Amino acid sequence: MTDTRSESEFPRPARSPEDAALEARLDAHAQSLSTAPDRGFESRVLAGIENRRRPSAVIVHATPRWKRMAPMAIAAAVALVGVGVFVMVNPLAQPGAGRAGSAGVAVELASLQRELDDWFGGAVTPTNDGDAMETIRDTLETLRTLEAALAEPWPAAPDLSDLMEVL
Amino acid sequence: MATAEHEADPPPAPDHVAAAIVARASAGDQDAWRLLVDRYARRVYALVRARVGDAHIAEEVTQSVFVTIAEHLDAGRYREEGRFEAWLFRLAMNRLRDERRASKRRDAMLRRADAEFGSRRATGEDRAHDGAANAGPGVEALRRALALLGDADREVIELRHHAGLEFRAIAAALGEPLGTVLARHHRALRKLRAILDKGEHQKD
């Protein structure tokens, strides 16, 4: 990590040797954290900048709707929509992000919000970012299909490959 | 101790190098973006990672900070005043607060889900401990001690040591006089040392 601090900013409150030692320890801790990411870290950040896209995932947790589905079905849904069970989310939630660009988008956003609330218990705040909305639509479509498939009687407990085939 | 003369200290000197890079990045120069990322991304990551523990979340938050910067530059919402660094880390602190709020909601939901499903899944707190599992005992002690500090104390320490900011830049980022920031940092260090000396971080 580049240390940009300048001694010209002093005088500072008097520091004891113990304070100085603790500061050195903190700097070492910071150094270990800043060197922790792998060599692809900068490239991933740059790719995010280039695409103006934040990492996204969707939280999945127990709502009544989920509880009607077998754990295996949840696993299948998760495998298909590319999110993790009980894995969070992110950045679909941007504070103050209600920047719908048109009435149509706003209506769809409200509709998606209601369905997301139903599935995910209000844990996800949708955005009107185009890519994120596409992900949400795809995710919900997969979940609806899966739910409909599970409403049909199964000859035996479905395994993951059966469910994948349905979808 | 900090003196009153600090209250009138000027803001950080303009960083003309950063300003020039930001101007090029605003114009879509990818090489300039690479320079900004090389210069700041790991410092943002260290600041976030110190608080959230989980490496993946720290990287997501870091990426989100840079996307936010790009969006602000796209929209012309950033006025270069030679304080890019302070602005960047203010954004990072805001995103960190968002993430911590989201993490608390998430953990509460996971606990409810655990109770319903009878399973045990990692919460944010667990993940922070997982992250520290690979660290040495000295680092783990420091991490535990930092966690016992109040938010304000921890904030100034992390901006100074993990983000690597000058005190003047911290003052600009927090909107506080330099003297106040110097005094806050001094007090926070003392508190941290007291925690370590008394072994409070070793208690459950």
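Leu46(A) is partly exposed, because 19 other C-beta atoms lie within 10 Å (buried takes 20 or more other C-beta atoms within 10 Å, exposed 12 or fewer, and partly exposed is in between, with C-beta atoms placed from the backbone). The model is predicted: local features need pLDDT of at least 70 and side-chain atom pairs count only at pLDDT 80 or more, while totals for chains, interfaces and linings use all residues. Residues are numbered from 1 along each chain as its sequence is written, and chains are lettered from A and ligands numbered from 1 in the order in which they are written.

**Chain A**
- Chain A has seven helices and zero strands (DSSP runs numbered from the N terminus: helices are H or I of at least four residues, strands E of at least two).
- Along the sequence, the pattern of chain A is α-α-α-α-α-α-α.
- Of the 167 residues in chain A, 26% are buried.
- Taking the contacts in chain A between residues at least 6 apart in sequence, 76% join residues at least 24 apart (contact means C-beta atoms, placed from the backbone, within 7 Å).

**Helix α2 of chain A against α3 of chain B**
- Leu46(A) lies in helix α2 (residues 41–51) of chain A.
- Leaving out residues up to four places away in sequence, Leu46(A) touches Trp33(B), Arg34(B) and Val37(B).
- The axes of α2(A) and α3(B) come within 8 Å and cross at roughly 40° (axes are lines fitted to C-alpha atoms, for helices over the stretch in contact, with angles from 0 to 180 degrees between N-to-C directions).
- That angle makes α2(A) oblique to α3(B) (under 35 degrees is roughly parallel, over 145 roughly antiparallel, 65 to 115 roughly perpendicular, and the rest oblique).
- Residues making the contact include Phe41(A), Val45(A) and Ile49(A) of α2(A), with Phe66(B) and Val67(B) of α3(B) among their partners.
- By class, this contact of α2(A) with α3(B) has six nonpolar, three polar and two charged residues (nonpolar: Ala, Val, Leu, Ile, Met, Phe, Trp, Tyr, Cys and Pro; charged: Asp, Glu, Lys and Arg; polar: the others, Gly among them).

**Helix α3 of chain B**
- The 20 residues of helix α3 (residues 55–74) of chain B should span 28 Å at 1.5 Å a residue, and the end C-alpha atoms are 29 Å apart, which agrees (expected span: 1.5 Å times one less than the number of residues).
- Gly76(B) follows α3(B) and has a positive phi, near 70°.

**Helix α1 of chain A against α2 of chain B**
- Helix α1 (residues 17–34) of chain A packs on helix α2 (residues 30–52) of chain B at about 110°, with the axes 8 Å apart.
- That makes α1(A) roughly perpendicular to α2(B).

How values were computed. Contact = placed C-beta atoms within 7 Å.
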